[in-house]
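These are my notebook entries on one protein structure. I set down what I looked up, in the order in which I looked.

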Amino acid sequence: MAVDKERCIIDPLTPWQQTTPGGLVTSAGNAKYYTTGGWRSEKPLWIVERCTQCRLCYPVCPDSSIIVEDKAMTGIDYDHCKGCLVCVHVCPFNALVKEGSNE
């Protein structure tokens with residue numbers, strides 16, 4: 001089968017004629033099945049020593065790439081982070097910085 005309708009995963013070798021019209025996603029919650037971090041042109045870096053665990057970054061990440069376990073940030077999921085840097089802009093403690101910046 002070319003399309004797994006439960007996860008809406010399309011095999012990379014599927015002819016375009018067998019995909020959904022316009023690449024329409026037909027089911028929710030399938031982003032975890034796609035590694036989209038390779039699209040990233042910029043990368044946020046987490047500086048643990050500066051982090052106060054305020055978690056202001058967590059709700060603004062459009063890709064749910066801020067990893068939180070037991071109410072504490074534990075890292076960034078670079079497999080899904082697309083590098084929008086929204087987390088960098090909301091962090092008042094400069095615990096999240098753009099890779100290559102001098103902060």
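The entries below go from the whole chain to single residues.

**Entry 1. Ground rules**

I note that this is a predicted model, in which local features need pLDDT of at least 70, side-chain atom pairs count only at pLDDT 80 or more, and totals for chains, interfaces and linings use all residues. Residues are numbered from 1 along each chain as its sequence is written, and side-chain values use heavy atoms, with hydrogens and water left out.

**Entry 2. The whole protein**

I looked up the elements and found 1 helix and 6 strands. Helices (H or I, at least four residues) and strands (E, at least two) are DSSP runs, numbered from the N terminus. Their order from the N terminus is β-β-β-β-β-α-β.

I then looked up burial: 27% of the 103 residues are buried. Buried means under 20% relative accessible area, exposed over 50%, and partly exposed in between, with a 1.4 Å probe and protein chains only. The accessible surface comes to about 7200 Å², and carbon and sulfur atoms hold 54% of that area. Such areas come from the Shrake-Rupley method with a 1.4 Å probe; for residues, only the protein chains shown count as cover.

For contacts (heavy atoms within 4.5 Å), I noted the spacing along the chain. Of those with a separation of 6 or more, 55% join residues 24 or more positions apart.

**Entry 3. The nonpolar core**

Which residues form the largest nonpolar core? I listed 12: Cys57, Cys61, Ile66, Met73, Ile76, Cys81, Leu85, Cys87, Val88, Cys91, Ala95 and Leu96. Strand S5 (72-76) and helix H1 (86-90) are the elements that give two or more residues to this core. A nonpolar core is a set of buried Ala, Val, Leu, Ile, Met, Phe, Trp, Tyr and Cys residues joined through side-chain atoms within 4.5 Å.

Beyond its neighbours within four places in sequence, Cys87 touches Pro44, Cys57, Ile66 and Leu96.

**Entry 4. Ser65**

I found Ser65 in the loop between strand S3 (44-46) and strand S4 (66-69). Is Ser65 buried or exposed? Ser65 has a relative accessible area of 1%, so I recorded this residue as buried. Apart from neighbours within four places in sequence, its contacts are Gly75, Ile76, Asp77, His80 and Cys81. For Asp77, the C-alpha atom lies 4.7 Å from that of Ser65, although the two are 12 residues apart in sequence. A polar atom of the Ser65 side chain lies 3.1 Å from the backbone nitrogen of Cys81.

**Entry 5. Strands S4 and S5**

S4 and S5 pair in the antiparallel sense over 4 bridges; two strands pair if DSSP finds at least two bridges between them. Ile67 is opposite Gly75 in S5. The hairpin of these strands has 2 residues between them, and Asp70 has a positive phi near 50 degrees there.

**Entry 6. Salt bridges**

How many salt bridges does the structure hold? I counted 2, a salt bridge being a side-chain nitrogen of Lys or Arg within 4 Å of a carboxyl oxygen of Asp or Glu.

One joins Lys98 and Glu42 at 2.7 Å, N to O. This pair links distant parts of the chain, with Lys98 in strand S6 (residues 96-98) and Glu42 in the loop between strand S2 (9-10) and S3, 56 residues apart. Lys98 is partly exposed at 35% relative accessibility, and Glu42 is partly exposed at 29%.

The side chains of Lys82 and Asp63 also meet, at 2.8 Å, N to O. Here 19 residues separate Lys82, in the loop between S5 and H1, from Asp63, in the loop between S3 and S4. Lys82 is partly exposed at 30%, and Asp63 is partly exposed at 23%.

**Entry 7. Positive phi in loops**

As background, I wrote that most residues other than glycine have a negative phi, and most peptide bonds are trans. Gln53, which is not a glycine, has a positive phi of about 60 degrees. Gln53 is in the loop between S3 and S4 and is partly exposed at 26% relative accessibility. Leu85 also has a positive phi, near 70 degrees.

Notes: A polar contact is a pair of N or O atoms within 3.5 Å; within protein, one must be able to donate a hydrogen and the other to accept it, and residues adjacent in sequence count only if both atoms are side-chain atoms.
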